[in-house]
Amino acid sequence: MTGNIMSSWSTVFVTGGAGYIGSHCIVELLDAGYSVIAVDNFANSVNGERGEAPSLKRVERITGKTVTFYQCDLLDKPRLEKIFSEHKIDCVIHFAAMKAVGESMQVPLLYYKNNIVGTINLLEVMKTHGCYQLVFSSSCTVYGNPDVLPITEEHHTGNVTNVYGRTKYFIEEMLKDISAAEKNWNIICLRYFNPVGAHPSGLIGEDPTKAFTNLMPYMAQVAIGNRPNLTIFGGDYNTVDGTGVRDYIHVMDLASGHVAALNKLKKEHLRLKTYNLGTGQGVSVLQLLRTFEAVTKTMVPFEIQDRRTGDIVSMYANTSLAERELGWKAKYTLEQMCEDFWRWQTMNPNGYRGNSNNSASSENGRTSVIINGSELMDTDWAQLWEPFVQGGL
């Protein structure tokens with residue numbers, strides 16, 4: 001990041017900042033020299049004592065920098081107004097959303113109200129305070145069942161198979177309309193594929209707060225013995241092994257994509273631009289499972305059940321536009337995604353509900369402890385983590 005950019009544009013407002021992707025993105029923002037103001041209502045993240053965000057306390061430990069945090073629901077527009085009035089905010093990254101596909105089909109009104117009305121409140125407050133720079137957390141779900149693979153940003157959107165995806169699609173359409181009507185807006189939509197993994201320190205990671213969970217956390221829970229087996233829906237798809245294919249991307253690659261998007265917004269007035277963030281590699285559920293087992297040296301028993309209505313067979317990205325225009329490309333391998341998530345899981349078997357404060361990586365029975373990016377000491381893994389592991393198993 002160049003000095004002239006930072007001198008004129010320094011403070012980023014992050015909604016959903018305590019969540020999985022938000023917390024990892026904030027690490028990258030702080031490392032890039034930005035100041036961060038984060039809000040979260042803890043709908044998808046763990047609430048600490050006195051309204052603190054445990055994930056962001058860990059972020060501060062990783063970076064050695066401070067995050068300004070407010071517990072705030074985007075449906076509480078007066079509180080949002082108050083926060084904006086107390087800070088000079090240069091840009092917004094909007095992660096906050098209800099995000100479980102299955103749950104969205106059961107409580108659609110909750111999803112429409114939270115995701116869409118919350119976004120409208122945010123846009124109105126931004127406009128009131130003269131802040132028109134926005135990075136929006138969208139999703140590959142807006143593409144629906146793809147006609148061709150890999151998917152480019154030109155692929156049609158809207159034929160979405162679930163309520164969660166429809167909220168993302170409707171917000172994208174709303175952003176198209178406001179950026180066409182009002183020239184001040186400068187917006188990038190980032191369509192994520194399937195984020196997995198965790199920060200290499202093991203301090204932060206994905207800690208699901210609901211039964212509707214993503215594949216890798218579920219897989220890890222089976223591997224450590226908290227669940228009997230993994231359920232795979234659909235084993236007869238026209239894929240390499242009959243299971244669904246997805247584009248898994250390391251969450252730190254996703255995080256660096258947001259810093260790249262901010263750089264782009266600063267350099268150019270785009271009005272509205274959309275980019276895919278993925279690896280461009282399709283991986284089946286069984287391929288991910290076998291890689292996870294090999295990396296972690298565990299066994300993950302599984303059972304294959306019938307396909308679920310609305311599930312998509314294969315989905316993976318063409319990411320050449322992001323590489324060409326943002327100078328961004330995913331760099332982490334599938335093995336690293338599994339390794340980093342397993343480090344987070346074994347160090348934090350209770351997620352943020354436990355009390356492990358340091359980060360560690362295990363190798364040959366020894367542990368390298370990392371604080372503020374520096375390797376401090378070697379110690380015995382079992383001795384260091386025994387009180388936390390016993391508490392979680």
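Author: What follows starts with the whole chain, moves to one helix, and ends with salt bridges and cysteines.

This is a predicted model, in which local features need pLDDT of at least 70 and side-chain atom pairs count only at pLDDT 80 or more, while totals for chains, interfaces and linings use all residues. Residues are numbered from 1 along each chain as its sequence is written, and side-chain values use heavy atoms, with hydrogens and water left out.

The chain has 393 residues, and 55% of them count as buried (buried is under 20% relative accessible area, exposed is over 50%, partly exposed is in between, with a 1.4 Å probe and protein chains only). It contains 13 helices and 16 strands; these are DSSP runs, H or I of at least four residues for helices and E of at least two for strands, numbered from the N terminus. Among contacts (heavy atoms within 4.5 Å) with a separation of 6 or more, 78% join residues 24 or more positions apart. The accessible surface of the chain is about 16600 Å², and carbon and sulfur atoms hold 48% of that (Shrake-Rupley method, 1.4 Å probe; for residues, only the protein chains shown count as cover).

The helix to look at is α7, which covers residues 163-181. From first C-alpha to last, its 19 residues reach 27 Å, close to the expected 27 Å at 1.5 Å a residue; the expected span is 1.5 Å times one less than the number of residues.

The whole structure has 15 salt bridges. In another of them, arginine 307 pairs with aspartate 236, with the closest N and O atoms 2.8 Å apart. This pair too links distant parts of the chain: arginine 307 is in the loop between β13 (302-305) and α11 (320-325), aspartate 236 is in the loop between β8 (230-233) and β9 (245-246), and 71 residues separate them. Arginine 307 is partly exposed at 44% relative accessibility, and aspartate 236 is exposed at 53%.

Arginine 343 and aspartate 340 form a salt bridge with closest N and O atoms 2.8 Å apart. Both lie in helix α12 (residues 334-347), three residues apart, about one turn of the helix. An α-helix has 3.6 residues a turn, so residues three or four places apart point the same way. Both arginine 343 and aspartate 340 are buried, and Glu339 joins them in a network of salt bridges.

Finally, the structure has zero disulfides (pairs of cysteine sulfur atoms within 2.5 Å). The sulfur of cysteine 91 is 6.3 Å from the closest cysteine sulfur, that of cysteine 131, which is too far for a bond. Cysteine 91 is buried at 1% relative accessibility, and cysteine 140 is buried at 7%.

Terms used: A salt bridge is a side-chain nitrogen of Lys or Arg within 4 Å of a carboxyl oxygen of Asp or Glu.
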